[in-house]
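Please keep the viewer open as you read.

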Amino acid sequence: MVNGNTQEVVSQPEHRGPRPFAGLRVLDFTRMLAGAGTTRILGILGAEILKIEWPHPPAVDMVRLYGPPVDGIPGMDRSGFFAQINPHKKSIALDAGTDAGKAILRSLVPLSDVVIDSFRPGVLDRWGIGYEVMKGLRPDVIYVAASGFGADGPFRAYGSVGQVAQAYSGLTALSGVPEREPAGWGLSYMDHMGAAMNAAAVLMALVRRQRTGQPEFIDCAQAVQGVSLLGPALLDAALNAAAPRSRGNRDMYQNLCPNNAYRCLDDDARGRDAWVAVSVRHTADWAALCSVMGLAELRSRTELDDVAGRLAAEEEIDAAIADWTAGRRRYEAMALLQDAGVPAGAVQHIDDKVERDPQFAYRGFYQEVTEPLLGTRKYESIPFRSYSYETTITRARPRMGEHTREVLQSLLDFSDEKIDGLIRDGILIAAQPAEVVA
Amino acid sequence: MTAMLDGLVVVELAGERTEWCGKLFSQAGARVILVETPGGAAGRTQAPFYQQREDIEHSLHFWHYNTDKESVVLDLASSVTDRETFLRLLGKADILVDGSEPGELAAIGLPREAIERSNPKLVHVAVTAFGQDGPWASLQATDLVHLALGGQMMMNGYDDMPESPPIAGAGNQALHIAGTWAFIAALSSLYGGGGCFVDLSVHEACAGMTELALPNYDYNGRIVSRQTGRHASIERTTQMQFPTSDGRHVRIELLNQLIGNWDSLVEWLESEGMAEDFADPMYYVPEFFVEHAQHIFEVIGRFCATKSGEELFHGMQQRGQLLADVNYPEDHLADPHLEARGFWNLVEHDLYGTMRFPGSPYVARESEISVRRRAPRLNEHDAEIRQLAGS
């Protein structure tokens, strides 16, 4: 496979050492985005990810079946969404429902630094490799169990996906305009954030182990993670008996005014609606905005110098800004305001980000990896670069069972004959080499 | 039980981009030293305020993001002595979480080389709006602007109000995204041996969280569009958020329908005479199920209108269906699940007594992660921190 960044990456330093988790092994029972997104992060940061999977329900990672498929042809190894979430992993296709499958998993535990699953609570216990057993096999094991509502509490048997966690947590309720039902989030924000917060749990436990040698079990609950992202509103409710409500794009706590999205001239061939987001933080921003927009009358009203005065005139100010943006294109409005120091940004679609955003182009945010079946595809990189170690994406997702043979041979000394027998018995699947599949 | 990150020392240059990262460290038990300007961190002026007391010691925004931290005021811009104290402090730290603008520290006499010299093992995580360099490096942003440029905002909103703008979710989410990534960057770098500089862009952190937008564009050249209360999508999908009998809303996902789960759902609807044609065995056929999604959700929507949000949450979840009622922040005050998981922590305030604070979403078995102490007053820990720095 070839790493083929097509864009110039100016800010990537030249001489860097190995990725920080090089040499670390993760036994990965995660699926979907919130789970598998966790090991995406660990994999890009250098850990060896052993993704234990199976192509049949209920064990299958359903994302393998989601679109968009490459060339429009569905297939286990053809999902573009799966590819986005699963670079830098090895796939071991194994039926964990069989005794032989469980025995293999049990023998992989002592060789793994981290075990992570995204099942409902208790599955690994039923397989005979719960945390207490794991500690017997690997005394310094890190086990992160990532489920919808966690392993403790009255809702522990309940399930979740991003949108459900968002509804439960309050994130959905606080996205919308006051006169309508919630608009919510048009994406699984808590799958993305769940993945990041699960990865953070693994890293905390690893740093602790590095310092103390101790094992750790962390119970991660996606729905509760969502709740934790609304801290000031929760505290407002707890200590002020408040009932916080969304104000559309206007700042919920009225720290900023104006703070909204304003319609601009349509500016692309697709004829889509075009908007620019604008915020005013303080008097200097306000003065600059009025100057750029020629709002002399508003600027002359001293009561608008502070946020309380502007909030009292919020409708009038929003209308004046909308008048100005209505005659301009998104990036033009953004540039004029930013040149004067006012926070402003085009409301970008994905094609804007990939094709038009000069910052992403400059920093090489979208990276390309070529793989025989998928072709050359774009990947979102992780959002930081170290001046000491590599963080680029260089390996595409594994095909189902691509590494079954390699891993069982190298880690467990399985012979080809033994592996072939387990394949015949329906316990393992080993994928063909990539060039054959392609 | 000791805290998860007991013994770790983190210096946080106070700013909106670093406060969540610092809190993730402090609630995990790291010693987090908040370096504030003489006027105090900007977060101290952010509403909401405790009992409407609008001063720098009563911001609930600041109280939340700065629990368990220690405050010292260092006038880095004007005082040579304070800059020296800062560098000596870094000599005692494992991690610097730095939310200053690109080039800002160098301009006041704290170039990166000086920081590196102060502690060759230091992990220096710089969290900027757009990164250290590039054509947008000096642009200004807020949470709203980040969610706009990052792509999330265009995916949220109302599909039946073309005159209405796309909507950004509330609650400082761009800054939560960036702060979580800063925490990941810091811990990864520390684990890898320390002694490094990390350049983190909030813009990139937001842009990497738009789910199917990139695969759809990269594989098919298709662009997703916002739809009310559900995923942005290429094609119009059916409504999955429904009003309930008690004036609330619920959100359901019908994923991975197992026959047992479907049967118990149908049984519940039948018991209320609202199952319509759901007993048809054709619904076991995945392709049929997908083709009739519009009808399925319409039937479920009619059923939801007859039940309360809470009845639906428990009734559906106990039948294996993924549904939650759309909660508001105050609903969590009496949530038995959060209570049982110890999510709410009791924090003592010397003036106002014991208070309930939202705590960590994590439950660890071998160590502790929790909120324990109120946020510091401005410069409250001046003596201890200067002593630590050796001045």
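Predicted model: local features only at pLDDT ≥ 70, side-chain atom pairs only at ≥ 80, totals over all residues.

Residues are numbered from 1 along each chain as its sequence is written, chains are lettered from A and ligands numbered from 1 in the order in which they are written, and side-chain values use heavy atoms, leaving out hydrogens and water.

Let's begin with chain B. Its secondary structure comes to 15 helices and 14 strands; both are DSSP runs numbered from the N terminus, helices being H or I with at least four residues and strands E with at least two. Along the principal axes, the C-alpha atoms of chain B fill a box of roughly 80 × 50 × 40 Å. Of the 391 residues in chain B, 62% are buried (buried is under 20% relative accessible area, exposed over 50%, partly exposed in between, with a 1.4 Å probe and protein chains only). Taking the contacts in chain B with a separation of 6 or more, 67% are between residues 24 or more positions apart, where contact means heavy atoms within 4.5 Å. Chain B carries 29 positive and 55 negative side chains, counting Lys and Arg as positive and Asp and Glu as negative, without His or the chain ends. The centres of these two sets lie 7 Å apart, each charge being placed at NZ of Lys, CZ of Arg, CG of Asp or CD of Glu.

Now turn to the interface. The contact takes 150 residues from chain B and 157 residues from chain A. The two chains bury about 13,200 Å² between them, 64% of it on carbon and sulfur atoms; this is the accessible area (1.4 Å probe) lost on putting the two parts together, summed over both.

Which charged pairs can you look for? Side chains of opposite charge can pair when their charged atoms come close. The rule used here asks for a side-chain nitrogen of Lys or Arg within 4 Å of a carboxyl oxygen of Asp or Glu. Over all chains, the search finds 59 salt bridges, and 9 salt bridges cross the interface of chain B and chain A. One of the pairs to display is B:Asp160 with A:Arg180, at 3.1 Å from N to O.

Within chain B, B:Glu70 and B:Arg31 form a salt bridge with their closest N and O atoms 2.9 Å apart. This pair links distant parts of the chain, with B:Glu70 in strand β3 and B:Arg31 in strand β2, 39 residues apart. B:Glu70 is buried at 11% relative accessible area, whereas B:Arg31 is partly exposed at 29%.

In chain A, A:Glu132 and A:Lys135 meet at 3.7 Å, N to O. Because they are 3 residues apart in helix α5, about one helical turn separates them.

Finally, check the backbone. The peptide bond from B:Ala47 to B:Pro48 is cis, with omega near 5°, and B:Pro48 is in the loop between β2 and α2 of chain B. B:Glu211 is not a glycine, yet has a positive phi of about 50°; B:Glu211 counts as buried, at 8% relative accessibility.
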